[in-house]
Amino acid sequence: MRLRRRRRCEVVDVSEANLCLRDDVRVAVVRQVGVQVVLDEKREFRFSLDEMARRITPKTKMIVINTPQNPTGGVLTLDDLKGVAKLARQHDLLILSDEIYSEIYYGTPTAGMLDIPDIGDRLLLVNGFSKTYAMTGWRVGYSVVPKDLVPTVNLFMNNSVSSTSTFCQLAAIEAFSAETAPIVANMVQEFRKRRDVFVDGLNAIPGIRCLKPHGAFYLFPNVSSFGRTSKEIARIVGVKPTSIDTYRSRIMAKLGVEDLCALVRFAIRHGLLQA
Ligand SMILES: Cc1ncc(COP(=O)(O)O)c(C=O)c1O
C-alpha cells in the first residue's frame, strides 16, 4: 500500500481530550500539525476567538472543536460557534465539531454547530451513543458531513471499523426511542448531584479552586496554588498513570484470578456479566 504524502497542513484543534481525533487527522492528512488554542479557566474554559484567528495560517485546513468539553466541562456559547463559523468561512476551512456530550448539560440546552445556518457545506459534526446512552465501548456513532465528503468518510470507516455490529445497531435504534428520554434525564440529574457534591467538596479544600461545569461529566480543579505541576500533585495524592494492561493485571491479582477467561467467569458468577 502506498500512502500519498500531501503537503504539510495544519489543524486548529481545541478538543483537548480526544486523542483519537488527532490520530484520525494524522491518518487522513498524513503530515498534520495540530495547533492548540488555549482553553482559559477565566473564560470558563472557552477559547478566545481572537487567539484562534491568530493561529490560522495559509496552511490551515480544519478547526476542531468539542462542546460540552472533555476534560473541563466547558461549554461554548452560540456566539463562540458563530465566531468559529465566521473564521471557517473567511479562511475556507472545514470544522470538525465533536458534540458527544450534547445531551449532558446542567442549565439551558447547549448550542451546537447545527444551530448555525448554512454551515453544512464545511461542517463535520460527530456524535455518538456512548455518553448519552451509556454505551461506552460499543463503537456506535453518527455524523453529519457535506455530501461530497461522504465517499471519503466511508472509505475511512470501512478501513477502520468495517461496519457496526448488528447488536450495537439494534441498541442504538432502541436508544433513540421515546422511552429513553426520561432515563437520560434521570442520569443527568444524578450527574448534577455528583457534580455539586464534588465541586463543593473540592472548593472546601484550601488551595483548590474548581469551576462548576455546565456540561459533560468532568471536573477540572485548579491546584496551581500548591506550586507543583499537576503530575506531581497526582503522584502525591496517589493517582498514577496506568496502562489498561497494568490495571487489568491489578484487578485480576486483587480478585485472585489468573487469566482473562477466569476474570470473565468471575464476572458472570457475580452477576456483572450475563453469559
Ligand atoms: C470529546 C469526546 N469525543 C468522543 C469520545 C469517544 O467516545 P466513544 O469512543 O466512547 O464513543 C470521547 C470519549 O471519552 C470524548 O470525550
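On helix H3, the face turned away from the buried side carries the exposed residues Asp-79 and Gln-90. Helices (H or I, at least four residues) and strands (E, at least two) are DSSP runs, numbered from the N terminus.

Before we go on, two notes on reading the structure. This is a predicted model, in which local features need pLDDT of at least 70 and side-chain atom pairs count only at pLDDT 80 or more, while totals for chains, interfaces and linings use all residues. Residues are numbered from 1 along each chain as its sequence is written.

### The whole chain

The protein chain has nine helices and six strands. Of its 275 residues, 20% count as buried. Two residues are in contact if their C-beta atoms, placed from the backbone, lie within 7 Å. Among contacts between residues at least 6 apart in sequence, 64% join residues at least 24 apart.

How confident is the predictor? Its confidence in each residue is the pLDDT, from 0 to 100. The mean for the protein chain is 87, and 87% of the residues reach 70 or more. Confidence is lowest in helix H1 (residues 19-29), at a mean of 54, and highest in H3, at 98. Over residues 1-6 the pLDDT is below 50, and this stretch has six contacts in the model beyond near neighbours in sequence. Where pLDDT is low, the predicted coordinates should not be read in detail.

Let us return to H3. This helix has 14 residues and reaches 20 Å from its first C-alpha to its last, close to the 20 Å expected at 1.5 Å a residue; the expected span is 1.5 Å times one less than the number of residues.

Which residues of H3 are buried? They are Asp-80, Leu-81, Val-84, Ala-85 and Ala-88. Seen down the axis of H3, these buried residues fall within an arc of 140°, so they line one face of the helix. The arc is that of the directions from the helix axis to the C-beta atoms. The buried residues of H3 pack against helix H2 (49-55), S3 and S4.

A nonpolar core is a set of buried Ala, Val, Leu, Ile, Met, Phe, Trp, Tyr and Cys residues joined through C-beta atoms within 7 Å. The largest one has 26 residues, and those with the most contacts inside it are Ile-63, Ile-65, Val-84 and Ile-95. Strand S3 (60-66), helix H3 (78-91) and strand S4 (94-98) each supply at least two residues of this core. Leaving aside neighbours within four places in sequence, Val-84 is in contact with Ile-63, Ile-65 and Ile-95.

Not counting residues up to four places away in sequence, Ile-116 touches Leu-81, Lys-82 and Ala-85. The C-alpha atoms of Ile-116 and Leu-78 are 8.2 Å apart, although 38 residues separate them along the chain. Ile-116 counts as partly exposed because it has 19 C-beta neighbours inside 10 Å.

### Strand partners

Two strands pair if DSSP finds at least two bridges between them. S4 and S5 run parallel, joined by four bridges, and the partner of Ile-95 in S5 is Leu-123. S5 also pairs with strand S6 (residues 141-144), in the antiparallel sense over four bridges. There, Asn-127 stands opposite Tyr-142 in S6.

### Backbone exceptions

Most residues other than glycine have a negative phi, and most peptide bonds are trans.

| Residue | Phi |
|---|---|
| Asp-92 | about 55° |
| Arg-139 | about 60° |
| Ala-216 | about 60° |

Arg-139 lies in the loop between S5 and S6 and is partly exposed, with 14 other C-beta atoms within 10 Å. Ala-216 sits in the loop between helix H6 (180-203) and helix H7 (230-236). Is Ala-216 buried or exposed? Ala-216 is buried, because 27 other C-beta atoms lie within 10 Å.

The bond from Thr-67 to Pro-68 is a cis peptide bond, with omega near -20°. Asn-70 and Pro-71 are also joined by a cis peptide bond, with omega about 15°. Pro-68 lies in the loop between S3 and H3, and Pro-71 is found in the loop between S3 and H3 too.

Key:
Buried ≥ 20, exposed ≤ 12 C-beta atoms within 10 Å, placed from the backbone. pLDDT = per-residue confidence, 0-100.
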